[in-house]
Amino acid sequence: MADTNGGIVGKDNPVATTAAKTTTFNSSGTFDPATATFDALVIAGGGGGGVENVSVGVGGGGGAGGFREVEDIPSPGSPTPVTVGAGGSGAANTGSVGSNGGDSVVGSVTSTGGGGGGGAPGARAGNTGGSGGGTALANQWLPEYNDSSTPTNGNTPPTSPSQGNPGGNRMNGGSNVSGGGGGAGSAGVIGGTATNPSSPGASGVGTGGNGAPSTYSGSDVTYAGGGGGAAQGIPQPQGGPGGGGNGGLYTPTGTNGTAGATNKGSGGGGGTNQPGTGASGAGGSGVVIIKEPAFKTASGMWSLDAVYDNVKAGTWV
């Protein structure tokens, strides 16, 4: 037979194109890859809000789960487990730190669960996580708060690779406002301002950090917002855009912190030590979204020209 296929003698088969594919995991499962590499959005579970149990105590907001968009992840070549991190538990009304969210994992990529919000005496700083939890604040008139020092948050998120932002601190000598949890897009807002600690403005209510937008699902969705820190007697602190739970209020009727959004990895809102209505919110579960590129296949013999063109274009499987 004549050599007419660019270097290979035999039938020159037509090339079939398999379309790009997006697979979403809202819970843990198994991924069966069809390509040599894939891209993924991997978001861990958000941290739960904390509850402070001293005087008029208000707990810190939970930090968002780690947010990672990773390209060209090597395929394991066989079915592989996918772990979607659960949201961390909100603290009970006993003065405790919220639980960290669970890690999300696919292949070689791990996103770290969000840090729980600060709470109990001796552990008021938010936990470290993908994004850090906010710092809690008890009544500013207690002797331990009548100084000019700033507590160490202890909630700085991983920087290599970057996954989120720190939670907000509380302001010494300020009103009863705790820090919001960090989000994928920005740090949590500090509770209180230096010039007017009791201000109900955006910088004075322990707002959760902003989430980050992504188009992995096929539309523009914002994920991984931080939870709002709890407060006393001012407008309810808001969770960060991207599903962060709102902080609770210490008022005559009381308001619980709310949960972070499911499958967005958002932090839960902080709670107060007000009996019956002081619970904090749980963190939201994470999500893993996998994108596989389009690829070309053909049975039998390939021409050298076809091999060369597909290898050069990155579509050879």
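Student: How should confidence be read here, and what is the mean pLDDT of the protein chain?

Tutor: As a general idea, where pLDDT is low, the predicted coordinates should not be read in detail. In this predicted model, the protein chain has a mean pLDDT of 80, with 76% of its residues reaching 70 or more. Confidence is highest in strand E7 (residues 104–106), at a mean of 96, and lowest in strand E14 (residues 295–297), at 68.

Student: Over which residues is the pLDDT below 50?

Tutor: One such stretch is residues 140–152, which has 25 contacts in the model beyond near neighbours in sequence. Another is residues 193–204, where pLDDT stays under 50 and the model has 23 contacts beyond four places in sequence.

Student: What makes up the protein chain in terms of helices and strands, and what share of its residues is buried?

Tutor: The chain has 1 helix and 14 strands, and buried residues make up 52% of its 317 residues. Among contacts with a separation of 6 or more, 62% join residues 24 or more positions apart. The accessible surface comes to about 12,500 Å², of which 53% belongs to carbon and sulfur atoms.

Student: How is a sheet read, and what order do the strands have in the open sheet of 4 strands?

Tutor: In general, strands of a sheet pair through backbone hydrogen bonds, either parallel or antiparallel. Here the open sheet has the order E3-E6-E7-E8, with antiparallel pairing. Its edge strands are E3 (29–31) and E8 (109–111), each of which pairs on one side only, and the twist averages 25 degrees from one strand to the next. E3 and strand E6 (residues 80–83) pair over 3 bridges in the antiparallel sense, with Phe-31 standing opposite Thr-80 in E6.

Student: Which residues touch the most other members of the largest nonpolar core?

Tutor: A nonpolar core is a set of buried residues of nonpolar type joined through side-chain atoms within 4.5 Å. The largest one here has 13 residues, of which Phe-25, Phe-38, Ala-40, Val-82, Val-106, Val-288 and Ile-290 touch the most other members. Strands E4 (37–43), E5 (67–74) and E13 (287–292) each supply at least two residues, and E4 gives the most, with 3 residues. Leaving aside neighbours within four places in sequence, Ala-40 is in contact with residues including Arg-68, Val-70, Val-106, Tyr-216 and Ile-290. A second, separate core of 12 residues includes Ile-43, Phe-67, Ala-224 and Ile-289.

Student: Is Ile-43 buried or exposed, and where is its place?

Tutor: Ile-43 lies in strand E4 and counts as buried because its relative accessible area is 0%, whereas the cut-off for burial is under 20%. Beyond four places in sequence, its contacts include Phe-67, Ser-104, Tyr-223, Lys-264 and Val-287. Ile-43 and Glu-69 are 26 residues apart in sequence and 8.7 Å apart in space, C-alpha to C-alpha.

Notes:
Residues numbered from 1 in each chain as written. Heavy atoms only, no water. Buried < 20%, exposed > 50% of the residue type's maximum accessible area, 1.4 Å probe, protein only. Contact = heavy atoms within 4.5 Å. pLDDT = per-residue confidence, 0-100. Areas by Shrake-Rupley, 256 points an atom, 1.4 Å probe, with all protein chains shown as cover. Pairing = 2+ DSSP bridges. Axes fitted to C-alpha atoms, helices over the stretch in contact; angles between N-to-C directions.
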